[in-house]
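Please read them alongside the coordinates.

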Amino acid sequence: MIKLYNTMTRRKEIFEPIEGNRVKLFVCGPTVYDYSHIGHARTYISFDVIVRYMKYSGYSVFYVQNITDLDDKILKRADELETSPLELARRYEEKYLHDMDLLGVEHVNLYARATEHIPEIIRQIGVLVDKGYAYETDKGVYFDESKFEDFGKLSNRNIEDLNVHRIGPDSSKRNPGDFALWKKRERISEEQEMIWDSPWGTGRPGWHIEDTAITETYFGPQYDIHGGGLDLIFPHHEAEIAQMEASSGKKPMVRYWMHTGFLNVKGEKMSKSLGNFITIYELLEEYSPEVFRFFVLSTHYRSPIDFSSEILHQSSQGLNRIYNLIEKINCELDSDTSISLDNDSDYIQKLAAVREEFFEAMDNDFNTPAAISTIFDLIRDVNRDIHESNISKNSLTKLKAIIMEFGYVLGLDFSMEHGNEENLEIELLDLLKYVREKLRQNKNWELSDQIRDKLNDLNISLEDKKV
RNA sequence: GCCAAGGUAGCUUAGCGGCGAAGCGGUGGACUGCAGAUCCAUUACACGGGAGUUCAAAUCUCUCCCUUGGCUCCA
């Protein structure tokens, strides 16, 4: 039974899909005008694990993400780079998907591009106009905030507050907070991209409407979960609620709202002006995807998380502790000394208990830090038992399987089977190991240590075992 | 100003009414030719301050202090 925190109610609730075990999940995707950054990575890794766990728990998840490929920022950037907006959008979309692959984020079931849903968008705007929720000016079509009394229910604001601190509102709008559904733009040339015909003249959609047009197309007017970064609560998600609930007349648009916390860099918000903007590409030049994922999952998805090299190093060390155990298990399983103990049944019980604890943590609003903590508890016990030769191969095999299972849910590969080295490399390495072993037998410590140090410089770590 | 999220050992985080926990780290020891890994022990002033509710508060309520974010570009 999964419990999840619903931003709408500000409480943890028992998760129940509208229809059986089928989950309709929408997460706001990126605006593809630049490289994705580590904040995106945090959000999408979080939802990756959430979805993995839901599937693992028996739900059939239909996971949709939009790709915002018609935004003003894209036009501006394309102008700067003297390229076509669509080409730019496709290029960065490709980079986004590639980054997700590198991070081990599974593809969602459907990536929906805004530009490929223009008819749906126009249709939805039309409904809003017909029902009197939207009005046309000479600049565009706007949603009339005052007609939708629930406006602000997600972010806990009221319309008066929103109107007070607005500077220089557009006087052509009825209310200062009314947002654009359709932006009128003149068609300059025939080959111009990102401009479409509509009943309100040529132009392009506003920012919020693509998501509701897309979700209505694939999910209908009501679905299970809508997710995204914390920063999208206002105004984006408020606008979505207004659009969808006003046009369909059905409430609520979505049952559960899930928002991921921010990733800061050394205590500061990531921004281009501060110069602390880190792209996923840059991240992966320095850290492995596993370390970053482990770092992300070491904090609960709703909590703020602080990125720094010191903390990444801590994560790396923690992850190594898990890897070391796997290696040790593999070693024990390969060795000839067979320990046969009759405490297997104890182990089966213990592992079942740990498994239950792990899944309890995950059930509790996807509490990955608590789940990881159960892995460490297990590791401590197992290390002790291995150290005391108090565990059978049979138990070790089961133990390994369970850690792999945890790894699968968290999207971390604990298999330690990377075996993609060239054969020649392996053979040369074996030769080197053989020579060094001979040196050690002759107690030529100086030279054997040198070999080990040099290998270490090449990122190959050699660790001697007791003979 | 309004809204929101936080303040738990040196660091990073769980816990959110009933023995304060995990990882990273520090120190000493065992094992090892040394190192690494691991084990044992140990170190930790750890629940921002104050008041209240309760048999019982890190946990609930109020209040104050501090940090961060949002307030129509944002994952």
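1. Which residues make the nonpolar surface patch of about 510 Å²? The patch is formed by Leu424, Leu428, Leu431, Tyr434 and Val435. Please keep in mind that this is a predicted model. Tyr434 belongs to helix α14, which runs over residues 423-441. With a relative accessible area of 52%, Tyr434 is exposed, because the cut-off for that class is over 50%.

2. Overall make-up. Chain A has 467 residues, and 47% of them count as buried. Its secondary structure consists of 15 helices and 14 strands. Along the principal axes, the C-alpha atoms occupy a box of roughly 90 × 50 × 35 Å. The chain exposes about 23,500 Å², with carbon and sulfur atoms supplying 48% of that area. Taking contacts between residues at least 6 apart in sequence, 77% join residues at least 24 apart.

3. Domains. The assignment for chain A gives domain 1 (3-260), domain 2 (309-410) and domain 3 (423-457). The centres of domain 1 and domain 2, taken over C-alpha atoms, are separated by 41 Å. Contact between these two domains involves eleven residues of domain 1 and twelve residues of domain 2.

4. Asp48 and its partners. A salt bridge joins the side chains of Asp48 and Arg52, at 2.9 Å from N to O. The two residues are four apart in helix α1 (residues 38-56), so about one helical turn separates them. In general, an α-helix has 3.6 residues a turn, so residues three or four places apart point the same way. Asp48 also forms a salt bridge with Arg293, where the closest N and O atoms are 2.8 Å apart. Because Asp48 lies in helix α1 and Arg293 in helix α9 (residues 289-297), this pair ties together parts that are 245 residues apart in sequence.

5. Are the residues of point 4 buried or exposed? Asp48 is buried at 4% relative accessibility, and Arg52 is buried at 10%. Arg293 is buried as well. The cut-off that matters here is under 20% relative accessible area.

6. Other salt bridges. The whole structure contains 34 salt bridges. One of the pairs is Asp150 with Lys153, whose closest N and O atoms are 3.3 Å apart. Asp150 counts as partly exposed at 22% relative accessibility, and Lys153 is also partly exposed, at 29%. A network of salt bridges links Arg436, Glu437, Arg440, Asp449, Arg452 and Asp464.

7. The ends of helix α2. Where helix α2 (residues 72-81) starts, a side-chain oxygen of Asp71 comes to within 2.6 Å of the backbone nitrogen of Lys73. Just after α2, Glu82 has a positive phi of about 50°. Both ends could be shown in one figure panel.

8. Glu191. This residue sits in the loop between β8 (180-184) and β9 (203-205). Glu191 is exposed, with a relative accessible area of 66%. From C-alpha to C-alpha, Glu191 and Ala89 are 17 Å apart in space, while 102 residues separate them in sequence.

Notes:
Residues are numbered from 1 along each chain as its sequence is written. Chains are lettered from A and ligands numbered from 1 in the order in which they are written. This is a predicted model: local features need pLDDT of at least 70, side-chain atom pairs count only at pLDDT 80 or more; totals for chains, interfaces and linings use all residues. Side-chain values use heavy atoms; hydrogens and water are left out. Patches are made of residues with over 30% relative accessible area and no salt bridge: like charges are joined within 9 Å, nonpolar side chains (Val, Leu, Ile, Met, Phe, Trp, Tyr) within 5 Å. Accessible areas come from the Shrake-Rupley method with a 1.4 Å probe; for residues, only the protein chains shown count as cover. A salt bridge is a side-chain nitrogen of Lys or Arg within 4 Å of a carboxyl oxygen of Asp or Glu. Buried means under 20% relative accessible area, exposed over 50%, partly exposed in between (1.4 Å probe, protein chains only). A polar contact is a pair of N or O atoms within 3.5 Å; within protein, one must be able to donate a hydrogen and the other to accept it, and residues adjacent in sequence count only if both atoms are side-chain atoms. Domain bounds come from an automatic or database domain assignment. Contact means heavy atoms within 4.5 Å.
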